[in-house]
Amino acid sequence: MYDEIYANLKEKYASKLVANWQEKTDPSKFIFEDLAIASWLISIWSSYEKKPSFVDLGCGNGLLVYILNCEGFVGYGIDQSSRKIWSLFDPKPSLISSTITPFSTILKNDWIIGNHADELVPW
């Protein structure tokens, strides 16, 4: 199931994302990594009766949120600063530029994702 989902996501998103990558990071690493993570999550979530909601803490480039939102999953990403690529995503994913603090951030999601949450280590 994972391989089939990954092949489908790669066909749908990879070439457009690589061609329009605005970040200083290597698109071949981040795009295919996030496609793989999205495939893994979608594989797991396919056994759920209802699609789970999610939040990606420290979402960085927001790509994982974008892919999951495009695939019909409700969720959002939070990162301390927005990225150039956020403005190019269409449709617009739910991405928030905000500092996350352990005592004031309230999450009401089924899943908490920390894909690139290295900046959250102090918490």
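Which residues of E1 are buried on one side, and which on the other? The answer is that Phe54 and Asp56 are buried on one side of E1 and Val55 and Leu57 on the other, so that both faces of this strand are covered; here buried means under 20% relative accessible area, exposed means over 50%, and partly exposed lies in between, with a 1.4 Å probe and protein chains only. Strands (E, at least two residues) and helices (H or I, at least four) are DSSP runs, numbered from the N terminus.

The model is predicted, and local features need pLDDT of at least 70 while side-chain atom pairs count only at pLDDT 80 or more, although totals for chains, interfaces and linings use all residues. Residues are numbered from 1 along each chain as its sequence is written, and side-chain values use heavy atoms, with hydrogens and water left out.

Strand E1 belongs to an open sheet of 4 strands, arranged in the order E3-E2-E1-E4 with parallel pairing. At the edges stand strand E3 (95-97) and strand E4 (111-113), each of which pairs on one side only, and from one strand to the next the twist averages 20°. In general, strands of a sheet pair through backbone hydrogen bonds, either parallel or antiparallel; two strands are taken to pair if DSSP finds at least two bridges between them. Strand E1 (residues 54-57) is joined to E4 by 3 bridges, and the two run parallel, with Phe54 standing opposite Trp111 in E4. The pairing of E1 with E2 is also in the parallel sense and extends over 4 bridges: Asp56 stands opposite Gly77 in E2, and Leu57 has Ile78 of E2 as its bridge partner.

Strand E2 is largely enclosed by the rest of the structure, because 5 of its 5 residues are buried. Gly75, Gly77 and Asp79 point one way from E2, whereas Tyr76 and Ile78 point the other way. Asp79, which lies in strand E2 (residues 75-79), has a relative accessible area of 10% and is therefore buried. Leaving out residues up to four places away in sequence, Asp79 touches Gly58, Cys59, Gly60, Trp86, Ile96, Ser97 and Ser98, where contact means heavy atoms within 4.5 Å.

Helix H2 (residues 27-45) lies across E1 and E4 and runs at about 170° to E4, while helix H3 (residues 63-70) lies across E1, E2, E3 and E4 and runs at about 165° to E1. For these angles, axes are lines fitted to C-alpha atoms, for helices over the stretch in contact, and the values run from 0 to 180 degrees between N-to-C directions. Helix H3 is largely enclosed by the rest of the structure, because 6 of its 8 residues are buried, namely Leu63, Leu64, Val65, Tyr66, Ile67 and Leu68. What covers these buried residues of H3 includes H1, H2, E1, E2, E3 and E4.

Just after H3, Gly72 takes a positive phi of about 95°. This glycine, Gly72, sits in the loop between H3 and E2, and it counts as partly exposed because its relative accessibility is 39%. The C-alpha atoms of Gly72 and Lys51 are separated by 8.4 Å, although the two residues are 21 residues apart along the chain.

The loop between E2 and E3 holds Phe89 and also Pro91, and the peptide bond from Asp90 to Pro91 is cis, with omega near 5°. Phe89 has a relative accessibility of 2% and so counts as buried. Apart from its neighbours within four places in sequence, Phe89 is in contact with Leu17, Asn61, Gly62, Leu63, Tyr66 and Leu95.

Phe89 also takes part in lining the second largest pocket, together with Lys12, Tyr13, Lys16, Leu17, Asn20, Tyr66, Ile85, Leu88 and Asp90. A pocket is found on a 1 Å grid over the protein atoms alone, as an open set of points with protein on both sides within 12 Å along at least five of seven lines, and its lining residues have an atom within 4 Å of a point. Helix H1 (residues 2-19) gives the most to this lining, with 4 residues.

Technical notes. 1 Å grid on protein atoms, 1.4 Å probe; cavity = no way out; pocket = protein on both sides within 12 Å on 5 of 7 lines; lining within 4 Å.
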